[in-house]
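Q: Hi! Could you go through this model with me? I'd like to start with some helix packing.

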Amino acid sequence: MVRFRKFVEVAILLFLVLLPLGSDRLFSDFYIALFLRIFIFGILILGFDLLSGYCGLVSFGHAMFFGTGAYVAAIAWKYLNNCVWLGILLGLGLNTIIGYVLALLCVRTRTIYFVFLTFAFSQFFFVTANSWRLIGGADGIAGIPSPTLIPGISLGSRTGFYYFSLAFLVIAYWVARRIVNSHFGRVLEGIRENEERAKFLGYNTSLMIRRVFLISGLFGSLAGALMTGFQPFVSPYYYHWSLSGEFVIMEILGGMGTLVGPLMGTAIVIFMGDILSTWFKEAWMLCLGAIYVICILYSPEGITGIIKNISETGGLMKLLNRLRTN
Amino acid sequence: MILVPLSPLIPQDIVMTFSMIMTNLLYGVTIGSTYALIASGLSIIFGVMGVLNFAHGSFVMLGAYTGFTIVKLTGNFWVSLFLAPLIIAMLGGIIERFMVCRLYGRHVLLTLFLTFGLSMVFSSAVLLIWGGVPYSIQVPYYFKGFINLFGIYYPKFRLFVLVFSCLLVTFLWIFLNRSRWGLVIRAGLFDIETVEAFGVDIYRVFRLLFIFCSGIAAVAGVIIGAMRSINPVMDVDFITVALIVIVIGGLGSFKGALIGSLILGLGEAFGAQAIPGLAKFVTWVIMAAVLLLRPEGLFSEE
């Protein structure tokens with residue numbers, strides 16, 4: 001199973017590396033932008049999955065890290081220096097502080113109260129960004145220069161930024177996979193299944209939760225900075241709860257606690273958003289919502305749950321047979 | 001959406017006259033009583049069924065839009081105040097029968113995810129059917145204008161809203177505390193398994209409760225739609241208000257929901273005048289503080 005997964009991972013990576021070669025010849029540049037969006041949100045979703053999928057604490061305010069990363073990068077690139085690392089590192093720095101403090105507070109609550117608390121904190125950020133004139137208020141910040149990799153080499157071209165983001169996605173995936181396979185990752189799953197028991201085994205569960213909260217926030221921060229590099233403007237929408245809700249949808253459609261699943265969920269939501277909005281015009285949100293509702297009702301484990309079901313029953317035909325005999 | 005800068009936090013005209021204070025007080029109680037209609041339903045559903053209904057705000061919105069359409073068709077406000085909640089209660093029943101009831105006994109977050117998806121579906125459906133233009137429900141002619149209450153000029157319709165929702169809340173209170181059904185619900189708030197052991201069909205209770213609370217939310221939607229305006233984002237406004245209220249009051253507590261609604265209504269009435277930019281900020285700070293210091297709510301009965 002692991003070998004098969006490695007094979008699929010390499011195949012997908014190869015496909016993604018070769019994809020820009022076909023741009024403009026086989027398909028329009030638009031699809032590169034679509035994939036870029038998937039990479040950026042994918043990075044965030046990987047972190048989100050560590051917190052909500054593996055540790056079982058669903059955050060309804062993850063946009064606060066995303067927004068902070070985006071705003072810090074925007075301010076750094078516009079007013080200080082348009083070196084890409086400056087924006088990313090400053091964002092990570094500020095989000096480390098924010099994540100550390102919020103983790104101290106949020107770790108006191110669980111399940112539904114954790115949802116409320118993260119929601120309240122993210123609204124806090126949204127109201128601040130929306131009303132603070134210094135960072136643009138409701139208008140946000142526009143006219144952000146395209147960042148440079150090192151002084152002299154611009155990341156302004158779409159292909160350049162595509163590879164830059166892809167590199168980060170690969171690193172993020174590798175880091176997340178390492179975390180999941182580590183002792184720490186196992187303890188997180190233990191906390192999700194039964195926190196009392198993990199405590200009795202001698203683990204400091206509150207410290208573990210704080211750590212994973214901070215880590216997942218840093219993933220979000222990185223994604224935010226890349227988003228600013230991709231779209232040269234930021235707005236308070238980046239802090240909005242509906243964005244946090246979208247993350248939850250991506251996570252659930254893909255399948256919580258699998259890393260690959262949420263990435264698939266991200267790709268599905270973004271692609272479906274594109275396809276549905278051309279087919280159904282304004283009704284696409286309705287279709288996405290309906291698909292999401294059906295997914296929760298019939299397969300709460302998401303796409304990965306369906307795939308696992310099929311592979312465990314030994315192929316589609318056997319599954320159909322079993323359904324017929326039952 | 002707040003478009004006010006944070007810098008001029010203290011406006012010059014902070015000194016209020018007595019009549020202004022009284023008007024704000026009255027308005028705060030009016031708003032609070034409508035919030036109580038919404039939040040108490042959400043709170044009871046959570047307490048008894050263990051379902052956090054994120055679509056509760058959508059029921060308010062759908063009630064308002066349905067009421068608007070009925071008034072437009074029939075021209076009678078009372079018909080819509082009666083019919084719209086009936087329709088929305090039916091919708092609530094369908095949702096409970098085919099969706100929510102599949103998730104009983106599962107993780108509480110699963111129902112939150114489900115109802116979140118439903119609220120998304122409803123808000124885009126509303127946008128498709130009625131468009132994004134804000135409307136207002138036409139009130140009968142005898143509710144237009146102002147009334148003189150001991151020297152304060154107060155809109156007649158708001159007074160009606162105040163009286164009507166207070167009556168409804170009182171009715172709910174009596175229903176919960178004096179009737180047989182209320183007894184079952186109150187017992188369910190403490191221990192649903194024991195209630196089942198006494199031979200009560202709890203799934204029937206769940207369904208009726210869900211239907212009933214959806215209807216009450218729709219009633220609130222109609223009167224709010226006539227008092228303020230109807231727009232496609234009001235579902236979010238009201239679900240956040242209701243969530244804050246029940247967090248302050250304690251999940252599953254009727255009394256807590258009432259007190260929380262009053263606090264929020266008064267805070268809104270006074271806060272909007274004294275500190276426009278900061279009012280929403282303060283609400284979120286209060287919610288976070290309550291969650292951190294007393295997660296079970298300020299007025300929790302347990």
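Q: How do the axes of α2 and α9 of chain A cross?
A: In this predicted model, the axes of α2(A), residues 29-54, and α9(A), residues 205-230, cross at roughly 170° and come within 7 Å. That angle is over 145, so the two helices are roughly antiparallel to each other.

Q: Nice. Which residues of α2(A) and α9(A) meet?
A: On α2(A), they include A:L36, A:I40, A:F41, A:L44, A:G47 and A:L51. Among their counterparts on α9(A) are A:V212, A:F213, A:S216, A:G220, A:A223 and A:F230.

Q: And how does that contact divide into nonpolar, polar and charged?
A: It has 19 nonpolar residues, three polar and no charged.

Q: Switching topic: how many residues are in contact between chain A and chain B?
A: 35 residues of chain A touch 35 residues of chain B. On the chain A side, the elements giving two or more residues are α5 (111-131), α10 (241-254) and α12 (284-298).

Q: Which of them gives the most?
A: That's α5(A), with 13 residues. The chain A side as a whole divides into 24 nonpolar, eight polar and three charged residues.

Q: What scores does the predictor give the complex?
A: An ipTM of 0.84 and a pTM of 0.85.

Q: What about the pLDDT of chain B?
A: It averages 83, with 92% of the residues scoring at least 70. Over residues 1-12 of chain B, though, the pLDDT is below 50. That stretch has 20 contacts in the model beyond near neighbours in sequence.

Note on methods:
Residues numbered from 1 in each chain as written. Chains lettered and ligands numbered in written order. Predicted model: local features only at pLDDT ≥ 70, side-chain atom pairs only at ≥ 80, totals over all residues. Contact = placed C-beta atoms within 7 Å. Helix = DSSP H or I, 4+ residues; strand = E, 2+ residues; numbered from the N terminus. Nonpolar A, V, L, I, M, F, W, Y, C, P; charged D, E, K, R; others polar. Axes fitted to C-alpha atoms, helices over the stretch in contact; angles between N-to-C directions. Parallel < 35°, antiparallel > 145°, perpendicular 65-115°, else oblique. pLDDT = per-residue confidence, 0-100.
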